Amino acid sequence: MTSTSITDATRELLLSRIRDVPDYPKPGVLFKDITPLLADPVAFSALTDFFAELCVRHGATKIVGLEARGFILAAPVAVRAGLGFVPVRKAGKLPGATLGQAYELEYGTAEIEIHAEDLAADDRVMVIDDVLATGGTAEASLELIRRAGAQVAGVSVLMELGFLAGRARLEPGLRDAPLEALITL
């Protein structure tokens with residue numbers, strides 16, 4: 001994990017507001033529910049401040065949020081940092097001209113899209129999401145950002161599930177851009 005300006009106390013606050021839900025969405029899965037964190041204005045504000053500071057530090061000009069919880073986290077960060085917000089959606093959800101990127105899932109494929117005109121060559125884009133798991137969606141978003149002509153400023157997540165090796169999958173696509181996780185599980 002890259003060093004950050006977040007304190008241990010703030011990290012503990014955020015972690016204490018993430019609820020474990022066993023056997024959701026299927027038996028054997030331990031789901032990390034961030035809704036208690038979102039409901040706590042102190043914790044949610046601390047998380048938003050942290051992400052906004054990263055965007056400024058890495059020279060971001062736009063923020064991409066990944067569907068769907070990434071929208072919840074990235075939109076207030078964009079407002080706080082004074083930057084534009086660009087949603088990356090599941091295929092077929094955006095009107096108008098889009099760029100799409102397919103990626104591999106454990107059992108099949110999926111596709112995400114972005115509006116082609118929302119990013120420009122002079123944009124430095126920070127990707128924000130709640131969880132880095134296997135890295136497939138984040139990896140596809142990096143490809144979309146570059147295909148739109150923009151640069152990747154970095155990827156920032158609330159939680160990284162280290163045992164799923166998403167960081168290793170993302171490293172080639174990051175091309176030396178930072179990947180920062182507040183909490184690694």
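This briefing describes a sheet, a pair of helices and several individual residues in one structure. The model is predicted.

- Strands of a sheet pair through backbone hydrogen bonds, and the pairing can be parallel or antiparallel.
- Strand β3 (residues 62-66) and strand β7 (residues 124-132) run parallel and are joined by 4 bridges.
- K62 has V125 in β7 as its bridge partner.

**The α3 and α4 pair**

- On the α3 side, the contact is made by F44, S45, L47, T48, D49, F51, A52 and C55.
- On the α4 side, the contact is made by I72, L73, P76, V77, R80 and A81.
- Sorted by class, the contact of α3 with α4 has 10 nonpolar, 2 polar and 2 charged residues.

**Backbone exceptions**

- Most peptide bonds are trans, and most residues other than glycine have a negative phi.
- Y24 and P25 are joined by a cis peptide bond, with omega about 0°. P25 lies in the loop between β1 (19-22) and β2 (30-33).
- E67 and A68 are also joined by a cis peptide bond, with omega about -5°. A68 sits in the loop between β3 and α4.
- D23 is a residue other than glycine with a positive phi, near 60°. D23 is found in the loop between β1 and β2.
- The relative accessible area of D23 is 49%, so D23 is partly exposed; the cut-off for exposed is over 50%.
- D176 is not a glycine either, yet its phi is positive, at about 75°. D176 belongs to the loop between α6 (166-174) and β9.
- D176 counts as exposed because its relative accessibility is 80%.

- H58 is placed in the loop between α3 and β3.
- H58 counts as buried because its relative accessibility is 18%, and buried means under 20%.
- Leaving aside neighbours within four places in sequence, H58 is in contact with R124, M126, A153, P178 and E180.
- E143 is part of helix α5 (residues 136-147).
- With a relative accessibility of 34%, E143 counts as partly exposed.
- E143 and Q101 are 42 residues apart along the chain, and their C-alpha atoms are separated by 7.4 Å.

Note on methods
Residues are numbered from 1 along each chain as its sequence is written. This is a predicted model: local features need pLDDT of at least 70, side-chain atom pairs count only at pLDDT 80 or more; totals for chains, interfaces and linings use all residues. Side-chain values use heavy atoms; hydrogens and water are left out. Contact means heavy atoms within 4.5 Å. Helices (H or I, at least four residues) and strands (E, at least two) are DSSP runs, numbered from the N terminus. Ala, Val, Leu, Ile, Met, Phe, Trp, Tyr, Cys and Pro count as nonpolar, Asp, Glu, Lys and Arg as charged, and the others, Gly among them, as polar. Buried means under 20% relative accessible area, exposed over 50%, partly exposed in between (1.4 Å probe, protein chains only). Two strands pair if DSSP finds at least two bridges between them.
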